[in-house]
Amino acid sequence: VGSSRLSPDSVTFNATISACEKGQQWLESLSLFSSLEASRLAFDVITCNATISACEKGHQWEWALALLSKLTWPAAGGLMPDVVSFNATVSACEKGEKWARAVALLREMPLLAAIPNNITYNSAISACAKGQHWRGALQLLAEMQ
């Protein structure tokens, strides 16, 4: 390898964050995301989704919500969350036993042009089950049919 120094770009950060997510290293993923922001490189939906997924796997629902909000604020430079963004965040809320927040996210999705799918509903129903909110689970099931 030569002596010249290379600079990582957004794709490099995305790949590394994704590797940390797969290795269940949510804190490392957050650190990399912060480094990306500090470097003034542009992040994209893929960056946020990989970091949200890492937080979901680490049962860090608060961080997942914070990252999702980076996509929905005007400061995101026009980025919008997609179904993957929401699915990972709903799943994080399910793992954190935050059923009301999981259902609220599912309800927000159409407002941001993200259509809930089976994964979204399954995570929200599971969140309701963990919260012993059986009526909510039945209502979500009825919506799917």
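**First stop: Glu21 and helix 1**

Select Glu21, which lies in helix 1 (residues 10-22); helices (H or I, at least four residues) and strands (E, at least two) are DSSP runs, numbered from the N terminus. The model is a predicted one, in which local features need pLDDT of at least 70, side-chain atom pairs count only at pLDDT 80 or more, and totals for chains, interfaces and linings use all residues. Residues are numbered from 1 along each chain as its sequence is written, and side-chain values use heavy atoms, with hydrogens and water left out.

Is Glu21 buried or exposed? With a relative accessible area of 8%, Glu21 is buried (buried means under 20% relative accessible area, exposed over 50%, partly exposed in between, with a 1.4 Å probe and protein chains only). Now display its surroundings: not counting residues up to four places away in sequence, Glu21 touches Ser29, Ala50, Ser53, Ala54 and Lys57, where contact means heavy atoms within 4.5 Å.

Remain in helix 1 and select Asn14, which is placed there too. Asn14 has a relative accessible area of 12% and is therefore buried. Its contacts, again not counting residues up to four places away in sequence, are Asp44, Ile46 and Thr47.

Select Gly23, found in the loop between helix 1 and helix 2. Gly23 is partly exposed, at a relative accessible area of 40%.

How many aromatic pairs does the structure hold? There is 1; rings of Phe, Tyr and Trp (its six-membered ring) pair if their centres lie within 6.5 Å, and planes under 30 degrees apart count as stacked, over 60 as edge-to-face and the rest as tilted. Select Phe33 and Phe43, whose rings are 5.1 Å apart centre to centre with 55 degrees between the planes, a tilted pair. Phe33 belongs to helix 2 (residues 26-38), whereas Phe43 sits in the loop between helix 2 and helix 3, 10 residues away. Phe33 is buried at 2% relative accessible area, and Phe43, at 19%, also counts as buried.

Select helix 3 (residues 45-57) and helix 4 (residues 61-72), which pack at an angle of about 170 degrees with their axes 8 Å apart. Axes are lines fitted to C-alpha atoms, for helices over the stretch in contact, and angles run from 0 to 180 degrees between N-to-C directions. Helix 3 and helix 4 are therefore roughly antiparallel (angles under 35 degrees count as roughly parallel, over 145 as roughly antiparallel, 65 to 115 as roughly perpendicular and the rest as oblique). On the helix 3 side, show Val45, Cys48, Asn49, Thr51, Ile52 and Cys55; they meet Trp63, Ala64, Leu67, Leu68 and Leu71 of helix 4.

**Last stop: the whole protein**

Clear the selection and view the entire protein, which has 8 helices and 0 strands. Its C-alpha atoms fill a box of roughly 65 × 30 × 20 Å along the principal axes. Of its 145 residues, 41% count as buried. Among contacts between residues at least 6 apart in sequence, 58% join residues at least 24 apart.
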